[in-house]
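Student: I would like a close look at one part of this structure. Please take the salt bridges and walk me through them.

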Amino acid sequence: MNAREHTALKRLDKKFFEQSAIDVSIGLLGTIMVRRIGGKVRRARIVETEAYLGPKDLAAHSSKGRTRRTEVMFGPAGRAYVYFIYGMYWMFNIVCGVTGGAQAVLVRAAEPLDGWDVDLTGPGKLARAFTITANDNAMDLTDEKIHFLADPDYRVRMVRTKRVGVDYAKHWKHRLLRFIDVGNPVGAKLKR
DNA sequence: GCGTCGATGGCA
DNA sequence: GCCATCGACGCG
């Protein structure tokens, strides 16, 4: 990201997010998340994601059915699903797949860019650093405020593991639906 | 460096 | 009563 900085990187579009949660989880690794807020631009490279596969997936919120909270998961792909947990943390998810499929990807960790000095290892920390809250729920993630750039020259070295904190999800807890870019210095340090 | 545990609030 | 978390604390 230096000499080629001025050549426009392609923004991930709705079609990208219409892929399955697994494909979106994998495809997001190595991409650059861009956040514009308060006249500032913050960017970070995504190094960890988790896929949630819809109502049949007992770890997915949509398995509880359609409620006021989960409503956005049942909507079109490419929108944010933001929810509050543990009394103090916001989780930033991206709705993906076909409309009604209620799949989502949780963005768990990223490597800050442009000299931004911050710890983005963990979904709570990431949302906090990017100032993502309930205000951003259902937001279109192909828009200016938050979007993602493909970086075709960046190489990902991916490892799959089990998702975090889903011990209650019966057989679904064993599925390898967590994806880490261990080729990235930040991703390499994540606990597996 | 690693395990344990409390804070804290929306949701079913 | 959970819960897709974090950070402080106690080890030795």
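Tutor: What follows goes through the salt bridges pair by pair, then turns to the DNA strand and a surface patch. Keep in mind that this is a predicted model.

Start with the count. The model has 13 salt bridges. In general, side chains of opposite charge can pair when their charged atoms come close.

Take Arg36 and Glu144. Their side chains meet in a salt bridge, 3.1 Å from N to O. Arg36 sits in strand E1 (residues 32–37) and Glu144 in the loop between helix H3 (123–129) and E6, so this pair ties together parts 108 residues apart in sequence. Arg36 has 36% relative accessibility, so it counts as partly exposed. Glu144 is also partly exposed, because its relative accessible area is 38%.

Next comes Asp114 with Arg43. The closest N and O atoms of this salt bridge are 3.0 Å apart. Asp114 belongs to the loop between strand E5 (103–112) and H3, while Arg43 belongs to strand E2 (residues 40–52), so the pair ties together parts 71 residues apart in sequence. Asp114 is exposed, with a relative accessible area of 54%. Arg43 is buried, at 11%. The cut-offs explain those labels: buried means under 20%, exposed means over 50%.

Now Glu48 and Arg108. Their closest N and O atoms are 2.7 Å apart in a salt bridge. Glu48 is in strand E2 and Arg108 in strand E5, so to speak distant parts of the chain, 60 residues apart. Both Glu48 and Arg108 are buried. This pair does not stand alone. Glu48, Glu50, Arg108 and Arg178 are linked in a network of salt bridges.

Turn to DNA strand B. Around it are Thr67, Arg69, Phe84, Tyr86, Gly87 and Met88. These residues divide into three nonpolar, two polar and one charged. Two contacts show both kinds. A side-chain N or O atom of Thr67 is 2.4 Å from a phosphate oxygen of DNA strand B. A backbone N or O atom of Tyr86 lies 2.4 Å from a base oxygen of DNA strand B.

Last, the surface patch. Ile26, Val156 and Met158 form a nonpolar patch, with about 200 Å² of accessible area together. Val156 is in the loop between strand E6 (146–149) and strand E7 (158–161). Its relative accessibility is 37%, so Val156 counts as partly exposed.

Methods: Residues are numbered from 1 along each chain as its sequence is written. Chains are lettered from A and ligands numbered from 1 in the order in which they are written. This is a predicted model: local features need pLDDT of at least 70, side-chain atom pairs count only at pLDDT 80 or more; totals for chains, interfaces and linings use all residues. Side-chain values use heavy atoms; hydrogens and water are left out. A residue is near a molecule or strand if one of its heavy atoms lies within 4 Å of it. A polar contact is a pair of N or O atoms within 3.5 Å; within protein, one must be able to donate a hydrogen and the other to accept it, and residues adjacent in sequence count only if both atoms are side-chain atoms. Ala, Val, Leu, Ile, Met, Phe, Trp, Tyr, Cys and Pro count as nonpolar, Asp, Glu, Lys and Arg as charged, and the others, Gly among them, as polar. Patches are made of residues with over 30% relative accessible area and no salt bridge: like charges are joined within 9 Å, nonpolar side chains (Val, Leu, Ile, Met, Phe, Trp, Tyr) within 5 Å. Accessible areas come from the Shrake-Rupley method with a 1.4 Å probe; for residues, only the protein chains shown count as cover. A salt bridge is a side-chain nitrogen of Lys or Arg within 4 Å of a carboxyl oxygen of Asp or Glu. Helices (H or I, at least four residues) and strands (E, at least two) are DSSP runs, numbered from the N terminus. Buried means under 20% relative accessible area, exposed over 50%, partly exposed in between (1.4 Å probe, protein chains only).
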